[in-house]
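Please look over the chain below.

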Amino acid sequence: MLGNGVIGILSETTNKWERRAPLTPAHCARLLCGKTGVARIIVQPSTKRIYHDALYEDVGCEISQDLSQCGFILGIKQPKLQMILPVRGYAFFSHTHKAQKENMPLLDKVIAERATLFDYELITGEHGKRLLAFGKFAGRAGMIDFFGGLGQRFLNLGYSTPFLSLGASYMYTSLASAKAAVISVGEEIASNGLPLGICPLVFVFTGTGNVSQGAQEIFKLLPHTFVEPSELPELFHKATSHSPLRKTSKRAFQVYGCVVTSQDIVEHNNPSKPFDKVDYYAHPENYRPIFHEKIAPYSSVIVNCMYWEKRFPRLLTTAQLEDLTAKGCPLVGISDITCDVGGSIEFVNQNTSIDSPFFRYNPFDHSYHRDMEGDGIICLAVDILPTEFAREASQHFSDILCQFTGILASSRALDKLPAHLRKACIVHSGALTSLYEYIPRMRNSDIDDSLRNLQSTLSTEVKYQISISLSGHLFDQFLINEALDMIEAAGGSFHLVKCHVGQSSDALSYSELEV
């Protein structure tokens with residue numbers, strides 16, 4: 001069936017809010033006209049997809065629950081296992097190339113059905129940059145949603161602000177209408193101001209990637225000034241001093257933004273040594289956190305957009321937050337767009353949903369609440385933000401995917417595909433491709449603790465004698481294969497102790513092996 005020119009589009013089933021589509025009706029029309037390699041497109045019916053079935057029918061697509069005639073099937077999120085058909089090609093965000101236990105049943109199903117699997121996350125262009133991603137939409141939605149929650153929180157603290165008029169991103173008919181609402185809030189701030197009791201209102205953005213760019217795009221719709229991290233203490237001092245100028249003004253007419261990167265959140269343990277990004281990525285143990293000392297004390301809102309790994313210092317620990325709160329830190333809330341549970345912001349122990357996006361954390365008694373009243377800070381931690389702008393996110397995604405769809409639909413042989421698509425193929429006709437042969441090796445290394453304990457009681461022989469740390473572009477450049485080959489070629493065996501995979505072309509991966 002693979003390569004027969006018939007494309008299928010899955011109905012998304014993982015989350016009630018998932019309304020995105022891999023291909024829009026307009027792009028389907030384009031693929032069905034002319035010599036594109038696509039002969040037919042069959043769309044599974046869906047009553048919640050942002051583009052309703054009739055729009056696909058109008059451009060020549062067929063609507064059917066049965067995708068058995070399709071050689072290549074597209075989705076967004078992981079489908080249910082029973083939706084994987086034999087000897088078909090699939091493309092979606094599978095999250096299987098990292099060999100996480102929770103995603104291995106899907107990989108096993110693809111292999112058992114002798115199917116072919118491409119992962120959007122692995123389709124990269126020059127310099128390893130991902131071509132298919134939703135980062136900016138996550139940033140946009142996360143910023144708008146947080147503005148609305150911020151208005152509610154300020155009201156509970158006794159302040160009426162223009163932010164109160166904003167709804168959640170999904171409540172607007174388009175990204176443009178959501179931006180118009182934010183612009184209206186900005187106009188009210190510029191004309192009527194904000195209460196001095198909540199000013200200076202400082203938004204700190206971590207990182208400079210797509211997520212941060214999307215969040216800043218929305219923030220810039222307000223009257224604003226960006227300041228350098230080093231300028232925060234002076235800004236805070238001037239705005240909170242009892243100067244005659246401050247006494248004559250009872251309102252503030254702008255907000256402040258500050259972008260921080262790794263060099264602003266850590267410093268070398270040796271004060272005489274400057275920050276070095278390459279050295280920090282290779283030896284994070286030589287650096288200590290300073291975000292809680294130099295940035296957080298002056299932050300009203302932290303917009304967390306930066307990827308983090310466990311080997312790095314946390315952005316903010318629970319103890320640090322408790323100390324900051326006791327000292328009167330102005331922090332009102334955190335928009336954790338990375339949604340990294342147990343990650344760089346330690347107290348974030350849960351995901352939230354689009355229909356209930358906030359929780360309140362009280363650092364004094366370490367309690368969690370689902371309201372806006374009481375002590376503590378509010379936190380947004382929604383892990384499916386891009387679907388709030390389902391139409392624009394789908395359009396953006398489809399603009400790029402349609403460029404590859406024809407060749408994926410019509411090709412049977414992997415070697416006939418361009419290099420960037422070959423590299424994104426994890427399984428072909430039921431067999432792992434050479435670049436991903438490390439996956440079963442990593443799975444096999446993950447011996448149950450009970451089994452290892454049993455082995456240790458039956459034998460006094462030390463099986464693993466050396467610990468090896470690997471850091472670099474292990475997965476996007478497939479260096480992990482070379483490392484494992486060298487170990488096995490020397491007659492050794494290994495056990496995977498830790499594995500953290502970088503989520504962007506700039507982020508390095510890190511693994512620890514016992515050999």
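The sections below go from the whole chain down to individual residues.

## Overall picture

This is a predicted model. The chain has 515 residues, and 52% of them count as buried. Its secondary structure comprises 17 helices and 23 strands.

## Helices H4 and H6

Two packed helices are described by the angle between their axes and the distance between the axes. Here the pair is H4, residues 135–156, and H6, residues 210–219. The angle is about 45°, and the axes lie 6 Å apart. Angles under 35 degrees count as roughly parallel, and those from 65 to 115 as roughly perpendicular. H4 and H6 are therefore oblique to each other. The crossing of H4 past H6 is right-handed.

Which residues meet at this contact of H4 with H6? From H4 come Gly135, Lys136, Gly139, Arg140, Met143, Ile144 and Phe147. H6 supplies Asn210, Val211, Gln213, Gly214, Ala215, Glu217, Ile218 and Phe219. By class, the contact has 7 nonpolar, 5 polar and 3 charged residues.

## Histidine 292

Histidine 292 sits in helix H11, which covers residues 291–294. Is histidine 292 buried or exposed? Its relative accessibility is 18%. Buried means under 20%, so histidine 292 counts as buried.

The side chain of histidine 292 makes a polar contact of 3.4 Å with the side chain of glutamine 320.

## Alanine 409

Alanine 409 belongs to helix H13, residues 390–410. Its relative accessible area is 0%, so alanine 409 is buried.

Which residues does alanine 409 contact, leaving aside its neighbours within four places in sequence? The list is Gly3, Asn4, Gly5, Ile7, Gly37, Val38 and Phe72. Isoleucine 73 gives a further reference point: 336 residues separate it from alanine 409 along the chain. Yet the C-alpha atoms of alanine 409 and isoleucine 73 are separated by 8.7 Å.

## Summary

H4 and H6 pack obliquely, in a right-handed crossing. Histidine 292 is buried and has a polar contact with glutamine 320. Alanine 409 is buried too, and its contacts include Gly3 and Phe72.

Notes
Residues numbered from 1 in each chain as written. Predicted model: local features only at pLDDT ≥ 70, side-chain atom pairs only at ≥ 80, totals over all residues. Heavy atoms only, no water. Axes fitted to C-alpha atoms, helices over the stretch in contact; angles between N-to-C directions. Helix = DSSP H or I, 4+ residues; strand = E, 2+ residues; numbered from the N terminus. Parallel < 35°, antiparallel > 145°, perpendicular 65-115°, else oblique. Left-handed = near helix turned anticlockwise from the far one by under 90°. Contact = heavy atoms within 4.5 Å. Nonpolar A, V, L, I, M, F, W, Y, C, P; charged D, E, K, R; others polar. Buried < 20%, exposed > 50% of the residue type's maximum accessible area, 1.4 Å probe, protein only. Polar contact = N/O pair within 3.5 Å; in protein donor to acceptor, adjacent residues only side chain to side chain.
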